[in-house]
Amino acid sequence: MIQKLFEKDYFLSKNQAIVIEPRTPQPVYPEHTHDFNEIVIVTDGFGKHIINGHLYHLYPGMMFYVHATDSHLYEHVKNLHLTNILFKMPDKFTFINNINTLIPNHKNENSHYFLDKKCNDKIKKLVFELNDSTLNAPAYKESLFLQLLILLKENQYVEDGSGSSDQRVNQLLRWLQIHFKEQIDWALIAEKFALSSRTLHRKMKSEMNITPQRYLTKLRLAEAYFQLHYTESNITTIAQNCGFNDSSYFSTCFKNEFHITPKELRDNPS
Ligand code: RM4
Ligand code: NI
């Protein structure tokens, strides 16, 4: 039975349409739906977010929208810090309407975005004021929320290979989150996002202290761990599913990453 969360447990009054729930950290949290919506900003750490059956790896600087009826959960969290912005259904807002036009209405693929770092301070400030209980007038809160929605919308990356090179690196990372199971040709991918291989390498090293190939391997291994744990597929199939052609190479990488072999994990799920 999927748990359902109710607004009466999170919102103080009928007039309150928005509430900030910091999750520092966000623990593992089981699958649930809501009668309210969420905007989630990842401020620190890592984790897996599974929403409507789709897996997303969370990294600092990402954000996503959760519609009330989406069902989602958090897994494999590692110091995951989230700012959770809960908001009621649009008809419960008094002063602003049509907020739906500022929120993507997709169900899965494009619900996760990277945010441009340059708007971090503005977001922080708006979240802080939204959370300030000395300024409780609904009109004021709604106006802050409206500003936040616009700011988020304007600073999300789309995968069109445009923008600054930092933005394009972020687009590429997001693309990889979706396509990591496929065979990756780095030269082609770099070209797709208008980056030279050297720039890609240098930016990832300096920003994340990781090489592109290592990052790809991490995405694949995290998925493999998940499949070993939660599916019945055999190890060779899982290796292939996750983009590894050679299952003994897969086992070596897996062991390096998790200090346990795929077989040990399968035989001994903890
Ligand atoms: C949980 C988790 C859920 C959210 C509730 C309000 O810790 O973040 O996603 O719906 O809080
Ligand atoms: Ni939720």
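Which helices and strands each supply at least two residues of the lining of the largest pocket? They are strands S4 (37-51), S5 (54-58) and S7, together with helices H1 (120-130), H3 (165-179), H5 (197-208), H6 (212-230) and H8 (247-258). Helices (H or I, at least four residues) and strands (E, at least two) are DSSP runs numbered from the N terminus.

This is a predicted model, in which local features need pLDDT of at least 70. Residues are numbered from 1 along each chain as its sequence is written.

**The pockets**

A pocket is an open set of points on a 1 Å grid over the protein atoms alone, where a 1.4 Å probe fits, with protein on both sides within 12 Å along at least five of seven lines; lining residues have an atom within 4 Å of a point.

| Pocket | Space | Lining |
|---|---|---|
| Largest | About 1,400 Å³ | 44 residues |

Phe46, Leu58, Tyr59, Pro60 and Met208 lie nearest the centre of the largest pocket.

**The nickel site**

Let's turn to the metal. His32 (NE2), His34 (NE2), Glu38 (OE) and His72 (NE2) coordinate the nickel ion (ligand 2) at 2.1 to 2.6 Å. Donors are N, O and S atoms within 2.8 Å of the metal (3.2 Å for Na, K and Ca). Along the chain, the donors follow the spacing H-x1-H-x3-E-x33-H. His34 lies in strand S3 (residues 29-34) and His72 in strand S7 (residues 72-87), so this pair ties together parts 38 residues apart in sequence. Both His34 and His72 are buried, meaning under 20% relative accessible area with a 1.4 Å probe, protein chains only.

Notes
Chains are lettered from A and ligands numbered from 1 in the order in which they are written. This is a predicted model: local features need pLDDT of at least 70, side-chain atom pairs count only at pLDDT 80 or more; totals for chains, interfaces and linings use all residues. Side-chain values use heavy atoms; hydrogens and water are left out. Buried means under 20% relative accessible area, exposed over 50%, partly exposed in between (1.4 Å probe, protein chains only). Grid points are joined across faces, edges and corners, and a volume is the space filled by probe spheres set on the points.
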